[in-house]
Amino acid sequence: MNKVRSLGSVESLPNELYGPEGLTWWGAWWGEIIEGFVLVLAVFSYVYLRHTSATWPPLHTPLPSLGIPTVNLVLMLVSVVPAWLASRRAREHDRFGTLLWLVIHSLIGAVIVVIRYFECFALNVRWDANAYGSINWALLFAHGYTTLLDVFDTLALVILFAILQPEEKHYVDVTENSFFWYFVVGTWIPLYVLIFLSPRW
Amino acid sequence: MTTADKRGAITLPPAIDQGDRERLQKTWEPRTGFIGWITSVNHKTVGKRYIATALIFFLFGGLEAGMIRLQLSRPDNGILGPDLYNQIFTMHGTTMMFLFAVPIMTAIGIYLVPLMIGARNIAFPRLNALGFWVYLIGGGFLYVMFFMNTGPDAGWTAYTPLSGPEYGFGKRVDIWAQMVTFTEISALIAALEIITTIFKMRAPGMTFSRLPLLVWAQLVTAFMVMFAMSSVATGSIMLAADRLIATHFFNPAEGGDVLLWQHLFWFFGHPEVYIIFIPALGMVSQIVTTFTGRPVFGYPVVVTALIATAVIGFALWVHHMFATSVHQLGESFFTAASTMISIPTGAQIFCWLATIWLGRPVWKTPLLFVIGFIVVFVMGGLTGVMLASVPFDLQAQDTYFVVAHLHYVLIGGAIFPLLGAFYYWFPKVTGRMMSERLGKWNFWLLFVGVNVTFFPMHILGLRGMTRRIYTYSDAMGWGTLNLIASVGAVIIVASMAVFAFNLFWSLRKGEAAGANPWNADTLEWATTSPPPPYNFVDTPVVIGRDGLWDYGDEFPVITGLHTDRPEVLITSVMTAEPRYRHEAPSPTFAPLVMGVLIGAMLIAGVFTPWGLVYGTAFIGIPFYMWAWPDKREHERNLREENEKRLEKKEAA
Amino acid sequence: MKHSRAAVLLACCTSACSGFDRQSAVDPAGPQAESIEHLFVFMVVIAVVVYIAVIGATIAIIRRRKATDEDPRSPSREASAARAIKLAIGVVVPVLFVLLVYDFSVGRSVNAMTNTPMLTVELTGHRWWWEVQYEDPIPQNRVRTANEMHIPVGRPVNVKLASHDVIHSFWVPNLAGKKDLIPGHVNEVIIQADKPGVYRAQCAEFCGAQHANMSMMVVAESPERFSKWIASQRQVPAPPVDTLAARGQTVFEGGQCAMCHAVASTRAAASIGPDLTHVASRLTIAAGTLKNTTANLGGWIVDPQGIKPGVDMPSNALSPTDLRALLAYLRTLQ
């Protein structure tokens, strides 16, 4: 090929796009798929172990308490609101509006993580007591660690928005951060039912 | 139509603006030397790193195989005692499967996919660099511990309870389990990048129906990795927990189940072999195309076959567990699936044979390896169909029959295409051709060696020789066949020595290659050999499925990407139309620091559960390095965004 | 003895026409192994035919002489290629189907339980030996032995499989496919021998350091001889009359032996290691590793770690007199 011809220029294209048109969204999406599948496998393991067990919880193992976990579930559902609002403000390029809702989001998130620690004890069984204890702690831990990392991520955005004038890509990051948070909350609902309600059935 | 032996028939097109080359070179590779190399976020640099490291692990795995064959060459041999032998065969399997085969196939994808789709870099370049460090530290950790006599010794499959806290003494299996975590993180990172790159960064005009078959193979494989690696990770973390903090996932005495491990492991383990095999099929497609001068016959069939193989591959895992006593209905399902999976692979082989029949084959080394692949792999595929049968499997499982089968399919199905790929793409990566003469020696020695080593093992297995035994007595009558197999291993070693010599010699003395020595059709041949850090001066526009063969004398491109900062073009998923320009990251230490932190965290985690906690506490440091914008770039971006906003306001 | 065709083929392949193995899947001595071997031969035939076809096509394609002006993309030739591929797949798919049907029927027949009450043997896998127990409703009739199983020819035997520690696998290829011994699970496998003989079984699931040396002998004999064997196994050994052997019993009971091994009606009653009540009647010792001769037994007792490094049995430093006495005693345990 001895010649080259330009069919056009992409100079006028934007530098960022929100949602699946943009690259960052896909990073969050695959993270959700991977983590989601790990949770699916953990749930499969739960069902498998339950299936091979005569009673569930096993003999001499008390049922999990409902108080603290239900509080945390409600908090999680509530936390979707500041996440969504932060995302909205980000799309409007409202720096301080975004920052406000990010701060609220991360505070609620931090509280959720702390309560998650206590939720582990609400199981009323140790991780090393039996397989029932092990799998429940594993589920709480797997989901909890993801939650913790997302809260870290949100805090990082808070710091950035507080100190720097955000670029377009930082606003996109806020929307993707909220997108991941919906996943964190969404996966918790069936897990809550499985861990805290289903042993009672 | 030109053929692969008419070098230089397709010339490299000029650039729209010649000055761009220099500007782009400075932008995409601002630092040279050691610092430049270690902070690089260039997919080619990272890809080559992966390949070199994987080849070193291949060497180790091969040495382990050599020791196994040496020990088994005679009955009652005393070269290796049982403990060392058990570590060695475990390391052989573990190294080959986790540290060599998957990483090298991934690495070839990391290197080639952006080039083949006309992109400047891979998606998430810093994550890509991180993936390599995590892989290196994980594999290195395993080997350091192995050299300290703490190598894993429960087989690469690490069945519980042998690998559990009660019978797996010391830290051996913990190290293995953590290595799995390392390599699985690395593989998952690479997978998500490859998928995103293929979805969002294809050159304008490259719709899915115009995707090169290697890119299809890499896409399908990356999806498999996402679901398979998660499974082994879940299992290995549960195993580590059973051993370290006394959980009871696999402890039947406290409600756990020994077989849960096998399900989690094989749900990964079976797709794993397809994760190794399918990228090789992609390489075969490219080689066949170039060396017959025509596109692969039956493109839609090949694509469908790749997808079908990947999907069905997830429905086979219980065939590794037939001896554990599976419900009869379930057994039948897995037998049927294991038998049927041969059909899509068979269809692909027929398509390649048709392509060779229709086209004008040029019998250079890469095409020889394709033929070798067909002859060796089909044998393994046939024994695979035999093993799908439950009653027969109950005789052959865990014997040398399976060892024969797995080596025929893995060496035939992955190593032969991989070697062909080396001979094919070495000119592109290095700018030099490999020696054809040495290539032919390489091929024939390997072909003969593989058959001499592994064919007798079918017979040994049927005559009662079980797997994973460090010795056997003379009375069993297995001595002669074992000796023959060991002689075959020497031939394989010779073949690999020729390959290694060819690699190193060609790096220095190989003939200069030029941009497109094979007159190939895919886009990577439309740039220099080796490619510049920015891959293409101007973004190519794709007008058909046959890449460079579709263009006449004129190369259509799209311009407009910045040359003063690294920038990549993002296109739409379904229609491959330009959508926006994404600022790519510059070289940085962040991935290395993050990799070291993750490495420290996981290594500490072998010895104490607090490793995870401490590690998480420090994550802020590399995260800051990663996410905090560079001051100059930040101010420049804010300025430009402001300008754009004012322009829009004025225009309105 | 009638030898299977496959066994002959393989023997010729390996130029070992001297005799046949005692541990071979292609030398079936029972109905299941035979059924599987027929299936195997069928599959091999199909595989050979398919392989020759594919390789033959490959070679023909490679060697084809082409006209230099032949168009690689000629539509008519592409149409021929399409037809050939469709034909090939059209042949392969039904063949696979036939294979599946035959395979399922073999699977069913191998698994079929019979109605006749079966002899039941309990096999428990240990690292690295086999514990064998013959059930019986009358407790005195129960037999406990190790590393050797006798079965009557022509009758199905139900082998119940359990594990004391890790996963093992019971595989006696001349008679049947393998089945795993899994801790926390109970598996069963039915075996039947139609010819008398000594068939070797080997553990087929990697179980640690001495996995390579965990074998047992399955002795198939006529129903009369089997009854005699069971009867003798049920007998309790009489105290030895010979002074040397009597001294040997003292060595046994008073030394390390009794810490792990049991001999019925003596003070040795531990069940950590194999039951030695009838050790002298066995063909092999150390889980099929050594022939059961006095010399081998002596060597094994003194230095088990030298023969099977890693086993649980410790070395025994015995004076030569004690060792001779012990061996004389063990010889009486027929």
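## Exposure terms and model

A residue counts as buried under 20% relative accessible area, as exposed over 50%, and as partly exposed in between. The model described here is predicted.

## Chain contacts

Two pairs of chains touch, and the pair B and C has the most contacts.

## Salt bridges

Over all chains, the structure contains 29 salt bridges. Side chains of opposite charge can pair when their charged atoms come close. In chain C, C:Arg247 is bridged to C:Asp322, with 2.7 Å between the closest N and O atoms. C:Arg247 belongs to helix H5 (residues 243–254) and C:Asp322 to helix H9 (residues 320–331), so this pair ties together parts that are 75 residues apart in sequence. C:Arg247 has a relative accessible area of 39% and is therefore partly exposed.

Another bridge in chain C links C:Glu131 and C:Arg144, at 3.6 Å from N to O. Because C:Glu131 lies in strand E2 (residues 129–134) and C:Arg144 in strand E3 (residues 143–146), the pair ties together parts 13 residues apart in sequence. C:Glu131 is buried, at 10% relative accessible area, whereas C:Arg144 is partly exposed, at 28%. In chain A, the closest N and O atoms of the salt bridge between A:Glu167 and A:Lys169 are 4.0 Å apart. Here A:Glu167 is buried, with a relative accessible area of 2%, and A:Lys169 is partly exposed, with 27%.

## Surface patches on chain B

A nonpolar surface patch of about 1,200 Å² is formed by B:Phe34, B:Ile35, B:Trp37, B:Phe589, B:Trp610, B:Val613, B:Tyr614, B:Phe618, B:Ile621, B:Tyr624 and B:Met625. Two or more of its residues come from each of helix H2 (33–38), helix H18 (610–618) and helix H19 (620–627) of chain B. The most is given by H18(B), with four residues. B:Phe34 sits in helix H2 of chain B and is exposed, with a relative accessible area of 57%.

A patch of positive charge on the surface gathers B:Lys644, B:Arg645, B:Lys648 and B:Lys649. B:Lys644 is located in helix H20 (residues 631–651) of chain B. Its relative accessibility is 36%, so B:Lys644 counts as partly exposed.

## Backbone exceptions

Most residues other than glycine have a negative phi, and most peptide bonds are trans. One cis peptide bond is between B:Thr160 and B:Pro161, with omega about -5°; B:Pro161 is in the loop between helix H5 (125–147) and helix H6 (172–200) of chain B. A cis peptide bond also joins C:Arg127 and C:Trp128, with omega about 10°. C:Trp128 falls in the loop between strand E1 (119–126) and E2 of chain C.

Although not a glycine, B:Ser325 has a positive phi of about 85°. The loop that holds B:Ser325 runs between helix H9 (299–313) and helix H10 (328–340) of chain B, and B:Ser325 is partly exposed, with 35% relative accessible area. C:Asn147, not a glycine either, has a positive phi of about 65°. C:Asn147 is placed in the loop between E3 and strand E4 (148–152) of chain C; with a relative accessible area of 6%, C:Asn147 is buried.

Note on methods:
Residues numbered from 1 in each chain as written. Chains lettered and ligands numbered in written order. Predicted model: local features only at pLDDT ≥ 70, side-chain atom pairs only at ≥ 80, totals over all residues. Heavy atoms only, no water. Patch = residues over 30% accessible without salt bridge, like charges linked within 9 Å, V, L, I, M, F, W, Y side chains within 5 Å. Areas by Shrake-Rupley, 256 points an atom, 1.4 Å probe, with all protein chains shown as cover. Salt bridge = Lys/Arg side-chain N within 4 Å of Asp/Glu carboxyl O. Lys, Arg positive; Asp, Glu negative; His and termini not counted. Charge placed at Lys NZ, Arg CZ, Asp CG, Glu CD. Buried < 20%, exposed > 50% of the residue type's maximum accessible area, 1.4 Å probe, protein only. Contact = heavy atoms within 4.5 Å.
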